[in-house]
Amino acid sequence: MSSAVLSLYDVQTSVPFTVASLPDIGLLGSLGLRVGTRIKVENRYALGGPVLLKVEDAFAVAIGKDIATQISVCETARG
Amino acid sequence: MSGYEIKPDEEVLKKPNKILLIGNPNVGKSIFFTELTGIHAISSNYAGTTVNFMEGTLSLGGEDYTLIDVPGTYSLNPTSEAETVAIRFLESGGKAVICVLDASNLERNLQLALELRRYKIPIVYTLNLVDVAKRQGVAVNAQLLAAELSAPVVETVAVKRVGLDALRQTLEDMLEGSAPLHQPCGNCPGCGRGGAEEIWESAKEITARVSSRGEAEPSFADKLSESMMRPMPGIPIALLVIGLVIAVVVGLGELLRGYLLEPLVDEVIVPFFRRIFTTVLPEGVVQDIMIGEFGVFVISFEWILALILPYVFLFYVVFTLLEDTGYLPRISVLFDNVMRKLGVQGGSLMYMLMGYGCAAPAIIGSRAATSRKERIVITAAICFAVPCISQSGALISLLAGYAWWMLPAMILFSFALFVAVTLVAGKLVKGQVDPLLIEVPNLLVPNPKSYFRKLLTRMKHFLKDAEVPMMIAILIAAILAESGLLRLLAVHAQPLVSGWLGLPADAVVALILGIVRREMSVAPLLALDLSALQAFVGGVVSLMYLPCLSVFAILAKEFHIRIALAITLSTIVLALFTGGVINQIGQLFA
């Protein structure tokens with residue numbers, strides 16, 4: 001079942017998502033974020049602050065708003 | 001400036017006996033470097049501490065090799081300065097590569113591990129942080145990994161020195177040719193031939209084959225980290241931490257000064273030198289310059305050891321703790337929104353905070369910033385509005401003699417100045433600032449040994465960098481005074497120093513010595529018996545006055561001599577202007 005594609009900046013916290021598309025920024029890939037990577041938003045900071053992600057349940061990455069809004073994710077099928 | 005020297009790459013690149021130490025940021029490379037060479041590299045629990053590289057000698061089986069601590073990189077695509085440096089080293093060849101892998105984050109680390117094989121240099125992998133991985137429920141089978149990589153893999157916990165002998169032995173065997181070498185087949189992704197996608201797939205598959213993940217109870221550090229990162233209570237905690245740092249430095253510093261260091265200097269050190277000089281030198285000008293009331297061997301110890309050192313020491317006690325626990329990048333994340341409003345991003349804050357220690361490593365460290373605009377704004381804020389700890393110590397000592405609110409007022413003023421400078425520089429400098437994008441490391445309990453070693457290194461640097469120039473500066477001041485030149489200068493500077501700033505004419509010494517080092521723009525004021533308003537004006541001028549000579553050299557080197565000159569001139573003008581305005585307004589109420 002395919003699910004809706006959402007912006008990483010808007011998704012609910014603590015819910016697993018999979019990266020569907022992301023901007024062409026070298027460091028994103030180097031940090032381990034690619035299409036298909038499993039992520040969870042742990043915190044979102046008000047007033048244009050970043051989102052804090054847990055990537056593959058292994059490590060934390062903070063992504064500024066202007067990049068986060070360009071990343072789209074879809075809900076990970078729960079099984 | 002020692003310890004922050006930028007070495008020319010070319011000579012090092014040509015050395016034949018190179019062993020390269022490579023890995024992701026924050027996997028403990030610098031600890032390997034220290035343990036293997038005995039040279040202390042300043043490392044921290046966040047990405048990008050080693051922006052340049054360190055080199056040292058590694059002796060293996062009677063042979064000397066040059067071990068190079070290459071800046072941490074996530075990959076070998078030349079997207080940042082650190083990666084470019086790493087690629088340049090790999091292309092220059094070497095006897096071997098030590099690739100440090102983070103066992104708790106194997107998949108991402110393996111990408112770099114696989115990319116490295118493209119360069120056909122024999123590689124030893126170390127599987128570091130196995131203790132952290134275990135706590136997180138991750139188990140990695142080193143034998144399987146070695147088979148997958150067709151290269152030796154050594155398990156290590158570098159901070160506890162576990163596995164380092166095994167690493168030395170493996171390296172030695174490999175360099176002597178007694179260990180089997182990996183033969184690249186030439187075209188599979190495992191040999192680094194494939195594109196990024198293939199390497200990523202390959203890293204994923206290998207990780208799945210060699211590691212297993214069990215359930216792990218979140219540790220106390222994990223839970224603490226979790227609440228520190230939630231805006232509530234994370235932001236109040238961060239403000240509390242910053243407040244505590246100031247309270248510890250100011251409060252404990254005063255105790256340390258009053259009860260330990262002042263008595264030590266006044267009753268032990270100065271009398272010791274007085275006995276020596278009064279026997280060796282005849283009474284007269286020379287003896288006065290050495291050991292008189294304002295003599296070199298009196299004032300330099302009083303100022304540096306008694307009035308400044310306690311604050312420097314306590315600042316590094318707490319700041320090093322914040323660095324090693326990994327708290328600084330958390331501050332960057334929590335305040336990214338505020339920094340964004342100021343025209344930069346949260347990551348910039350880390351370098352600016354470093355500047356409260358010393359401007360030199362902070363400005364060099366800002367190389368890791370991804371845009372030129374960000375670097376310039378960081379540098380401007382540090383040069384105009386961030387006092388280094390040595391200067392802050394002198395300012396605290398100066399203001400301590402007056403009403404309690406003087407110091408908070410100065411802190412508020414410096415904070416407002418910081419916001420204003422960042423805003424203005426952000427508006428003036430053309431270009432874009434990239435949004436925040438950083439890894440937030442695990443919160444760690446610092447290893448006591450590396451913590452104390454780092455603290456010791458910093459204190460040694462401070463004493464070496466401060467005491468000798470201070471003595472020279474005081475000697476210059478004494479010669480100026482004795483030769484009558486000071487009188488002449490004071491007369492010419494009178495309209496500015498006394499008329500505009502409202503300070504005694506002798507305060508011109510502070511303006512002259514302040515060119516050499518920042519704390520010297522404050523220290524001479526301590527001896528002048530100033531009124532409260534004069535002390536505050538003097539403090540403001542010093543706060544904004546030009547950065548020290550070593551910072552000037554770094555600005556010229558990192559940017560351009562024109563930028564160094566522009567910053568120097570505008571800090572002087574702005575400092576004198578603002579100080580004067582405060583004096584003129586203050587006079588109205590006095």
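## Hairpin of β4(A) and β5(A)

E56(A) takes a positive phi near 50° in the hairpin of β4(A) and β5(A), where three residues lie between the strands. Helices (H or I, at least four residues) and strands (E, at least two) are DSSP runs, numbered from the N terminus. The strands β4(A) and β5(A) run antiparallel and are joined by five bridges; two strands count as paired if DSSP finds at least two bridges between them. In this pairing K54(A) stands opposite A60(A) of β5(A).

β4(A) is largely enclosed by the rest of the structure, because four of its five residues are buried. A residue is buried if 20 or more other C-beta atoms lie within 10 Å of its own, exposed if 12 or fewer, and partly exposed in between, with C-beta atoms placed from the backbone.

## Model and numbering

The model is predicted: local features need pLDDT of at least 70, side-chain atom pairs count only at pLDDT 80 or more, and totals for chains, interfaces and linings use all residues. Residues are numbered from 1 along each chain as its sequence is written, while chains are lettered from A and ligands numbered from 1 in the order in which they are written.

## Chain A as a whole

Chain A has two helices and six strands, in the order β-β-α-β-β-β-α-β from the N terminus. Its radius of gyration is 11 Å, close to the 12 Å that the globule rule gives for 79 residues, so chain A is as compact as a globular protein of that length. The radius is taken over C-alpha atoms, and the globule rule is 2.2 Å times the number of residues to the power 0.38.

The C-alpha trace of chain A spans about 35 × 25 × 20 Å along its principal axes. Of its 79 residues, 44% count as buried. Among contacts in chain A with a separation of 6 or more, 50% are between residues 24 or more positions apart; two residues are in contact if their C-beta atoms, placed from the backbone, lie within 7 Å.

## Other strand pairs in chain A

Strand β3 (residues 38–44) of chain A pairs with strand β2 (residues 16–21) in the antiparallel sense over three bridges, and P16(A) stands opposite K40(A) of β3(A). β3(A) also pairs in the antiparallel sense with strand β4 (residues 51–55) of chain A, here over five bridges. In that pair R44(A) stands opposite V51(A). β3(A) and β4(A) form a hairpin with six residues between them, and L47(A) in the turn has a positive phi of about 55°.

## Contact between the chains

In the interface, 27 residues of chain A are in contact with 25 residues of chain B. On the chain B side, the elements that give two or more residues are α4 (106–115), α8 (196–210), α13 (328–334), α14 (336–341) and β9 (437–440). β9(B) gives the most, with four residues.

By class, the side of chain B that touches chain A has 12 nonpolar, seven polar and six charged residues. Here Ala, Val, Leu, Ile, Met, Phe, Trp, Tyr, Cys and Pro count as nonpolar, Asp, Glu, Lys and Arg as charged, and the others, Gly among them, as polar. A60(A) stands opposite V440(B) in β9(B).

Chain B is divided into domain 1 (9–213) and domain 2 (229–589), with bounds from an automatic or database domain assignment. The C-alpha centres of these two domains lie 39 Å apart.

The largest nonpolar core has 200 residues, and those with the most contacts inside it are V61(A), L21(B), C99(B), V124(B), Y125(B) and A381(B). Such a core is a set of buried Ala, Val, Leu, Ile, Met, Phe, Trp, Tyr and Cys residues joined through C-beta atoms within 7 Å. Helix α12 (residues 296–325) of chain B supplies the largest share of this core, 19 residues. Both domains of chain B give residues to this core, so it lies between them.

## G253(B)

G253(B) is found in helix α10 (residues 231–280) of chain B. G253(B) is buried, with 25 other C-beta atoms within 10 Å. Leaving aside residues up to four places away in sequence, G253(B) touches P310(B), Y311(B), L314(B) and I396(B). The C-alpha atoms of G253(B) and Q432(B), 179 residues apart along the chain, are separated by 41 Å.
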